[in-house]
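Subject: Structure handover

Hello,

Here is the structure I promised to pass on. Please open it alongside this email; my notes follow below.

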Amino acid sequence: MAGGNPVQSAQNPPAVVASPALVHGVCTVFPRSHYTAEARINVSFIDKDGTRIDLQVAEGDNLLDIAQANDLEMEGACGGSCACSTCHVVVEDPDMFDKMEEPSDDENDMLDLAFGLTETSRLGCQVLMNKELDGLVVRLPAMTRNLQASDFEGK
Amino acid sequence: MRLERASLVCAHCTARIGGRPLLSAVRLSVSLWPSPRRLNSDVASTRPFRVAIVGSGPAGFYAASRLLAKQQSAVVDMYEKLPVPFGLARYGVAPDHPEVKNCEEKFTEVASSPRFNFVGNVDLGNDLPLSSLKPHYDAILFAYGSSKDKELGIPGEQALRSVYSARAFVGWYNGLPEHRDLEPDLTSGEDAVIVGQGNVALDVARILLSDVDALRSTDIADYALQTLSKSRIKRVRVVGRRGPLQVAFTIKEARELLKLPSVSFDPIPGNIMPPESVISALPRAQKRLMQLLAKGSTNDPKTATKSWSLDFLLAPECLHWSPMYPYHLSHAKFSRNELDPSDPYNPSSKVSPKLMSSGKRAQVNIPASVFFRSVGYKSLPLPGLEDLGIQFDANRGVIPNDGFGRVTSLSNSGEPQQLPDGSLISTVPGLYCAGWVKRGPTGVIASTMTDAFTTADAIVRDLADSHNSLLHAPGQSSGLGWDGVRDEAEARGLRATSWQDWERIDAAERECGQKKGKVRDKFGRVQEMLDVILK
């Protein structure tokens, strides 16, 4: 929840290891608990400001847990039990979407209520990472809507 | 559950995800703002930005969550009329939907902030005037939801027996003190009629149709379990004025009812259901819902013990009691409607009364031993809103606002503001709204969350941008928040409950529940809650 606009910190950057081609907004962040795991899968989130965050995660992690562990702005109102649509993500590459298991009826029922539903929408809590999905890129839809004409009805 | 935060990140990412560098940067910029913004920067740099949130349901908590995260100087006091928090998450969400109540974990996390205070058991506007709050806050956010439901306005509706509002019934089985003594009569016959086709109507239907043993481990009120276990209801009809394309319920709730064990579903007649060619061209959500309804249930009516149906194009007219047993409701009379013959399957089509060849309205009697109205909730103005300059919109049942949650003034007496469409409206500085009292009583928790975030963002933006977004001119607010209000509340004999008090009530409810094999056993009366903390 501490997200927001990227702000250039005036402080000294902390020491960085790994990734030799480090650029702003692209670095390796993963839960310490996974640090020693062998299987690492790449996944990237594009937040609502358009900033891309590249992560390495372990097989079996779901996108909601990954996002929350990395303080990305993603809610999981129902705690990841497929009972709300707050962890809605959009898969950037349709081919990658096709590689995923079909969403269940329950997931589709919740997606029906999601803001900004697309052809490649999924619920983050229902997407478990596996090697097939290495390189997955998902976008977080804007959570707060823009003002619409309907907001002025009757005023 | 939160995994441990990574320590190996670049400066940019620390700034955007890690919290501290970002926050210090924001603070720095706030205190360096030039003089035209001194009023707001004064609040941000010298003392906390004091916000009162009225109501502790999802709208209030999501707004608090966003505000506390984005405005480090914000200190939130959340007022609630009951001694316990969570509003409709606790008292509206059905007991057999525990996963939806998981949002309470997030709210509990919000409440753990040292910048958050819960002030329960204080009924603002009734026990304590809103004007008592005003001197001590920089902003007030109304998120008190909808305290009433819409009525049908038909003869017999006000009967004390066998005719209930779905809102009261939901409150009753969820342990809401207001409806503790409803004691619905479910034993005088087998037929229930629910008017309205939204999610609340389907919740009522599901509770009536569920095997009572399936509810025993939930947090449903004990007294409700006892009443439901004696229920004779076998058939539930969920009746709407319009057609299938106009239902308000969502697909999850419909699917759940269609899957209920030993409950069959009467197929929707072919002349009412849109044809396949129409369904396939609908937007995704509506298409999937129509396909589900067309498919119906696989439960065999011959072996099912209970059944339900969706009945369309019927407008309620009046209620009739049995001539032999005057306390027994016998049936409800409906007038028939018809879809617009020129465009019957357009989702926005209007319906019109169906007339017989004689010119009279076609009518139908539907057997009903119990009758529920479920045609929507309604927000009421909190007493004293006008003292703060808020003109409640009674027609729409909302606090007038600019869509972002800034309270607007119809009389143009407030601060003028230009909207994206170029029009000018005036906002009342320092007053905001979120949730159902802002946009009307529709939508699921996710919609309320989005809506509450929008309002919180507006508050943060106003504090940063505008030169006059506070309730008071500089130096006019005590900035004390609840500390400034407490004395008057206590002088009026109020005993406010704190978050720690709620934790004790919560623990006591869980302990009672454990003994009965339930998640929790809610206290159905305010006094029972207070007894826990006063003993």
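Start with the strands in chain B. Strand E1 (residues 49-54) of chain B pairs with E2(B) in the parallel sense, over 6 bridges. Within that pairing, Ala52(B) has Asp77(B) of E2(B) as its bridge partner. Between the two strands, the chain passes through helix H4 (residues 58-70) of chain B. This β-α-β crossover from E1(B) to E2(B) is right-handed. Please keep in mind that the model is predicted.

Next, E2 itself. Strand E2 covers residues 74-79 of chain B, and 6 of its 6 residues are buried. Ala74(B), Val76(B) and Met78(B) point one way from the strand. Val75(B), Asp77(B) and Tyr79(B) point the other way, and these are buried too. E2(B) also runs parallel to strand E3 (residues 116-119) of chain B, joined by 4 bridges. There, Met78(B) has Phe118(B) as its bridge partner in E3(B).

Now back to E1(B), which also pairs with E4(B). That pairing is parallel, over 4 bridges. Strand E4 (residues 139-142) of chain B is covered on both faces. Ala139(B) and Leu141(B) lie on one side, Ile140(B) and Phe142(B) on the other, and all are buried. E4(B) pairs in turn with strand E19 (residues 424-433) of chain B, in the parallel sense, over 3 bridges. Leu141(B) has Tyr432(B) as its bridge partner in E19(B).

On to a helix pair. Helix H8 (residues 199-209) of chain B packs against helix H11 (residues 251-259) of chain B. Their axes are 10 Å apart, at an angle of about 20°. Angles under 35 degrees count as roughly parallel, so H8(B) and H11(B) are roughly parallel to each other. Their crossing is left-handed. On the H8(B) side, the residues that meet H11(B) are Asn199(B), Leu202(B), Ala205(B) and Arg206(B). They meet Glu253(B), Ala254(B), Glu256(B) and Leu257(B) in H11(B).

Gly92(B) sits in the loop between helix H5 (87-91) and helix H6 (103-111) of chain B. Is Gly92(B) buried or exposed? Gly92(B) counts as buried, because it has 23 C-beta neighbours inside 10 Å. Leaving out residues up to four places away in sequence, Gly92(B) touches Val170(B) and Asn174(B). Gly196(B) is 104 residues from Gly92(B) along the chain, and their C-alpha atoms are separated by 17 Å.

Best wishes

Key
Residues are numbered from 1 along each chain as its sequence is written. Chains are lettered from A and ligands numbered from 1 in the order in which they are written. This is a predicted model: local features need pLDDT of at least 70, side-chain atom pairs count only at pLDDT 80 or more; totals for chains, interfaces and linings use all residues. A residue is buried if 20 or more other C-beta atoms lie within 10 Å of its own, exposed if 12 or fewer, and partly exposed in between; C-beta atoms are placed from the backbone. Two strands pair if DSSP finds at least two bridges between them. A crossover is right-handed if, with the strands pointing away from the viewer, the path from the first strand over the helix to the second runs clockwise. Axes are lines fitted to C-alpha atoms, for helices over the stretch in contact, and angles run from 0 to 180 degrees between N-to-C directions. Angles under 35 degrees count as roughly parallel, over 145 as roughly antiparallel, 65 to 115 as roughly perpendicular and the rest as oblique. A crossing is left-handed if the near helix is turned anticlockwise from the far one by less than a right angle, and right-handed if clockwise. Two residues are in contact if their C-beta atoms, placed from the backbone, lie within 7 Å.
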